[in-house]
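Hello,

Here is the structure I said I would pass on. My notes on the cavities and the nonpolar cores follow below.

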Amino acid sequence: MTTTAATAVDADELRGRVSALLAEYDPATVDRLTFLRARFDAGLAWVHYPRGLGGLDAPRALQSVVDAALEAAGAPDNDPRRIGIGLGMAAPTLLRFGTERQRRRFLRPLWTGEEVWCQLFSEPGAGSDLASLGTRAVRDGDAWVVTGQKVWTSSAHTARWAILLARTDPEVPKHQGLTYFVCDMHAPGVEVRPLRQITGEAEFNEVFLNEVRVPDEHRLGEVGDGWRVARTTLMNERVAIGGQALPREGGMIGIVAELWRGRPELRTPALHDRLLRLWVDAEVARLTGERLRQQLATGAPGPEGSGMKLAFARLAQEISGLEVEMLGEEGLRYDDWTLRRPQTVDFTGRGPGYRYLRAKGNSIEGGTSEILRNIIAERVLGLPAEPRTDKDVAWKDLPR
Amino acid sequence: MTPARTVVPRTDQDLLYSEVEQDLRSSVHDLLADRCPPAAVLARCEDRTPHDLALWRALSRDLGVAGLLVPPAHGGHGATAREAAVVLEELGASVAPVPFLTSAVVATTALLGCSGAADEIARLASGAATAVLTVPLSTAPGSAFPQGVRADAAGVLTGRVTSVGDAGCADLLVVPATGPRGPGLYAVHAGARGLGADLPVSLDLTRPLVDIHFDRVAARPLAGPGAAEPALATALLTGAGLLASEQLGIAQWCLDTTVRHLGERSQFGRPVGSFQALKHRLADRWLEVVSARAAARSAADALASGSTDAPVAVAVAQAYCAPVAVRAAEECLQLHGGIGMTWEHPLHLFLKRAKADEVAFGTPGRHRAALAGLVGLPA
């Protein structure tokens with residue numbers, strides 16, 4: 001792909017392109033998928049992506065110009081809550097490490113939502129120590145045969161594709177023997193079982209891989225380089241969880257602020273002080289995210305994204321806890337314990353009890369808050385690493 | 001969730017530093033690194049001459065920081081609160097004993113709200129004089145007009161104001177006083193007859209307080225009832241909002257100093273900083289400093305643009321940054337172990353400044369209470 005520096009895209013040009021798209025594909029008459037595909041092909045899906053892959057090589061910050069213009073015109077969106085793992089994790093990894101053929105095959109249906117993605121990383125025996133995972137991939141001609149068990153897999157029941165981290169060499173230390181693949185969730189040997197959570201529903205799954213054949217052309221990056229590829233995914237995941245652009249009082253704090261305004265009988269001085277502290281913290285977290293986005297107007301997320309996710313988890317938990325308490329007697333009730341299989345991941349949906357319980361996962365999923373603090377301390381602040389006994393030992397010789 | 005009607009959404013704030021702001025920062029930083037190491041500040045405090053007037057001359061005249069907020073027509077540089085905030089970050093990171101916040105920000109802003117103060121403003125902008133707004137350092141934006149000093153019909157002042165920060169080095173006092181026609185602002189020269197000063201012992205050694213007595217002191221009226229109250233309100237709002245940047249500078253110094261110490265100090269055969277219990281505490285402090293930077297930039301940007309949202313941005317920044325600076329200093333002390341309790345190590349200067357700053361221009365609780373009214377979350 002060739003682009004020239006002279007073609008830098010500005011906000012006016014983007015508005016012009018949006019107008020041209022809307023003129024040719026009127027959202028009022030064209031069906032949703034046709035519109036989304038046309039938007040992708042016009043480079044207006046994610047403007048900071050390369051031309052031909054849904055973008056225009058434009059500054060990332062200009063995406064908001066496109067989104068606002070399309071929203072004002074009543075255009076359909078790609079329902080990001082349904083395809084969050086594809087957008088937030090698979091796509092940036094495909095962009096950075098995928099071959100041209102892989103990018104062309106996967107990115108368009110990923111963005112339009114025609115193909116949902118999930119992430120096969122964590123295992124029952126490999127959580128915070130993800131690099132110790134044991135799912136094996138063994139070379140067999142032009143394919144790999146994968147066997148193992150994955151867990152905490154959101155969207156596995158709706159996914160067509162998965163990003164998969166597997167061990168291709170047990171003879172070397174754990175970080176060196178991993179390889180990153182794209183796995184077909186419809187392939188023989190893939191079994192998805194619901195994993196019921198404390199909310200009652202099964203947003204997560206267990207995924208059993210029993211001699212699943214993954215063609216070598218679905219490998220992402222070099223054999224043995226999977227850890228480096230996975231780090232790109234993980235940094236993007238943390239930004240995706242903690243880094244959404246929100247208006248003031250967006251997200252959880254807005255729900256509680258509206259409850260406070262609408263229900264004077266619930267007010268007490270102690271709750272008032274806690275509400276104001278959390279309102280300040282939420283507003284500052286919003287500003288911090290906004291500042292981070294301004295810093296990374298183009299470019300990839302660094303470890304600072306871990307900080308946003310840490311702040312987001314703490315706030316979600318404290319605010320949702322305050323909401324249940326504020327509601328008093330009503331807080332004793334729960335909407336529904338039925339085992340549901342939701343299609344979307346929604347932290348603020350349903351009732352207060354659900355929000356309180358679902359928020360508990362925010363400090364675990366995508367790297368626990370403890371692991372994120374380690375990352376900040378070592379990679380941002382440069383503090384010395386904890387002494388480690390497993391770094392230079394072949395994976396097969398590690399105790400487990 | 002739709003935001004409430006009372007909440008103004010903002011999308012156009014610039015929370016970064018411009019190139020000009022970064023250049024200004026490096027000039028101030030280099031000067032302070034050369035002239036204001038923490039050990040020198042400590043030595044000045046021991047000699048009971050905390051204000052470093054030679055340093056202040058270099059800053060105010062040579063670098064021109066005294067005239068940052070003053071329009072060119074009045075002899076200043078026509079910069080904004082954004083640039084002043086960057087200076088305050090550096091001054092906070094050195095606990096520099098100079099009257100930038102009190103004179104070049106607060107008193108200057110008050111004078112800019114008076115129609116008859118062109119001479120005073122020009123002298124402050126050039127660094128030829130230093131001024132102080134005579135209110136207790138703890139006065140929050142939105143406080144009632146002070147009643148401690150009365151003016152008679154001839155503009156002669158009588159009364160008392162306590163705990164005025166940095167007043168000891170001021171040439172000019174800007175005095176809120178109530179006269180027969182209502183609230184006014186008055187100019188008093190530091191050598192005026194009838195003016196008395198007591199020097200209480202201050203918690204913050206680097207921003208000493210003065211209690212001021214007015215016993216029939218001749219004064220020049222600067223602003224009458226219509227202008228005095230808004231001028232005072234703007235000065236206090238600007239002071240509170242930019243104090244957040246000083247607090248950010250303090251917190252950043254404390255974090256950097258703690259990280260350095262934990263990387264160097266060994267116990268149990270390993271650097272103390274490799275213990276996870278301490279790493280996690282520092283990671284939390286780092287996140288607070290990163291967040292305080294966003295809050296402080298937001299307040300400075302809102303003040304600079306004259307946004308109607310400035311009172312919210314300032315209250316958020318003060319409610320957030322004040323405790324962050326205090327925690328950063330307290331953790332700096334704890335994680336230095338016994339060294340942190342010694343007078344010899346300069347970190348106590350930062351702790352004392354941080355704790356005093358938590359009270360200055362309104363406590364975090366006062367700012368949260370103000371927010372309750374501003375964003376429609378009543379008690």
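The lining of the second largest cavity comprises 2 nonpolar, 5 polar and 3 charged residues. In this predicted model, that cavity has a volume of about 40 Å³. Its lining is made up of A:R81, A:R82, A:S154, A:S155, A:H157, A:E203, A:P342, A:Q343, A:T344 and A:V345.

The whole structure contains 3 cavities of 30 Å³ or more. The residues around the largest cavity are B:T102, B:V106, B:V132, B:L133, B:V135, B:P136, B:L137, B:V164, B:G165, B:L236 and B:F361. Three elements of chain B, α5 (100-112), β1 (131-133) and β3 (156-165), each give two or more residues to that lining.

B:L133 and B:F361 line the largest cavity and also belong to the largest nonpolar core, where they are among the residues that touch the most other members. Leaving aside residues up to four places away in sequence, B:L91 touches B:L32, B:L59, B:A96, B:V98 and B:F100. A separate core of 33 residues includes A:L53, A:A91, A:V229 and A:L234.

On annotation, an unreviewed UniProt entry places "domain: Acyl-CoA dehydrogenase/oxidase C-terminal" at residues 234-371 of chain B. Over that stretch the chain is 78% helix and 3% strand, with the end C-alpha atoms 17 Å apart.

Regards

How values were computed: Residues are numbered from 1 along each chain as its sequence is written. Chains are lettered from A and ligands numbered from 1 in the order in which they are written. This is a predicted model: local features need pLDDT of at least 70, side-chain atom pairs count only at pLDDT 80 or more; totals for chains, interfaces and linings use all residues. Side-chain values use heavy atoms; hydrogens and water are left out. A nonpolar core is a set of buried Ala, Val, Leu, Ile, Met, Phe, Trp, Tyr and Cys residues joined through side-chain atoms within 4.5 Å. Buried means under 20% relative accessible area, exposed over 50%, partly exposed in between (1.4 Å probe, protein chains only). Contact means heavy atoms within 4.5 Å. UniProt positions are given in the numbering used here, feature names are shortened, and annotations may be inferred rather than shown by experiment. Helices (H or I, at least four residues) and strands (E, at least two) are DSSP runs, numbered from the N terminus. On a 1 Å grid over the protein atoms alone, a cavity is a set of points where a 1.4 Å probe fits but cannot get out, and a pocket is an open set with protein on both sides within 12 Å along at least five of seven lines; lining residues have an atom within 4 Å of a point. Grid points are joined across faces, edges and corners, and a volume is the space filled by probe spheres set on the points. Ala, Val, Leu, Ile, Met, Phe, Trp, Tyr, Cys and Pro count as nonpolar, Asp, Glu, Lys and Arg as charged, and the others, Gly among them, as polar.
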